[in-house]
Amino acid sequence: MVTSTTVLLKSARLRLDSLLSEELSFYLKSTAFMTVVGALLYLSLAADYPAVHDAMHDFRHVLAIVPCH
Ligand SMILES: [Zn+2]
């Protein structure tokens, strides 16, 4: 099972690499990375969802740049 999944992933990656230039691939990966990082920063530092806010509250105050109250 793991072997067939690994083969499929390698095959998909080879096809994607052959379709995209190295520069375009870099931009797509960078965009995906920055989107995920931005979403995680927003979720952890700016979201008002109580469970996340309470968990990150002390960290927000340590940063002293993210007011929460
Ligand atoms: Zn606070």
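**Notes on the model**

1. Let's begin with V7, which sits in helix α1, spanning residues 2-19. Keep in mind as you look that this is a predicted model. Is V7 buried or exposed? V7 has 10 other C-beta atoms within 10 Å, and a residue with 12 or fewer counts as exposed, so V7 is exposed.

2. Now try a distance from V7. Along the sequence, V7 and A51 are 44 residues apart. In space, their C-alpha atoms lie 40 Å apart.

3. Stay in helix α1 and find S18, which also belongs to that helix. S18 counts as exposed because it has 7 C-beta neighbours inside 10 Å.

4. Step back to the whole protein. It has three helices and zero strands, so in the order of the sequence the pattern reads α-α-α.

5. What about the overall shape? The C-alpha atoms fill a box of roughly 50 × 35 × 15 Å along the principal axes. The radius of gyration is 19 Å, whereas a compact globule of 69 residues would have one near 11 Å. As for burial, 0% of the 69 residues count as buried.

6. Next comes helix α2, made up of residues 22-45. From its first C-alpha to its last, α2 reaches 34 Å with its 24 residues, close to the 34 Å expected at 1.5 Å a residue. The number of buried residues in α2 is zero, so this helix lies largely in the open.

7. How do α2 and α3 meet? Two packed helices are described by the angle between their axes and the distance between the axes. Here the axes of α2 and helix α3 (residues 50-63) come within 8 Å and cross at roughly 90 degrees. That makes α2 roughly perpendicular to α3.

8. Which residues form this meeting point? On the α2 side they are L43, S44 and L45, and on the α3 side V52, M56 and R60.

9. Finally, take a closer look at L45, a residue of helix α2. L45 has 16 other C-beta atoms within 10 Å. Burial needs 20 or more and exposure 12 or fewer, so L45 is partly exposed. Setting aside neighbours within four places in sequence, L45 is in contact with M56, R60 and V66. For a view in the other direction, look from L45 to S4: they are 41 residues apart in sequence, and their C-alpha atoms are 40 Å apart in space.

Notes:
Residues numbered from 1 in each chain as written. Predicted model: local features only at pLDDT ≥ 70, side-chain atom pairs only at ≥ 80, totals over all residues. Helix = DSSP H or I, 4+ residues; strand = E, 2+ residues; numbered from the N terminus. Contact = placed C-beta atoms within 7 Å. Rg over C-alpha atoms; globule rule 2.2 N^0.38 Å. Axes fitted to C-alpha atoms, helices over the stretch in contact; angles between N-to-C directions. Parallel < 35°, antiparallel > 145°, perpendicular 65-115°, else oblique. Expected span 1.5 Å × (residues − 1).
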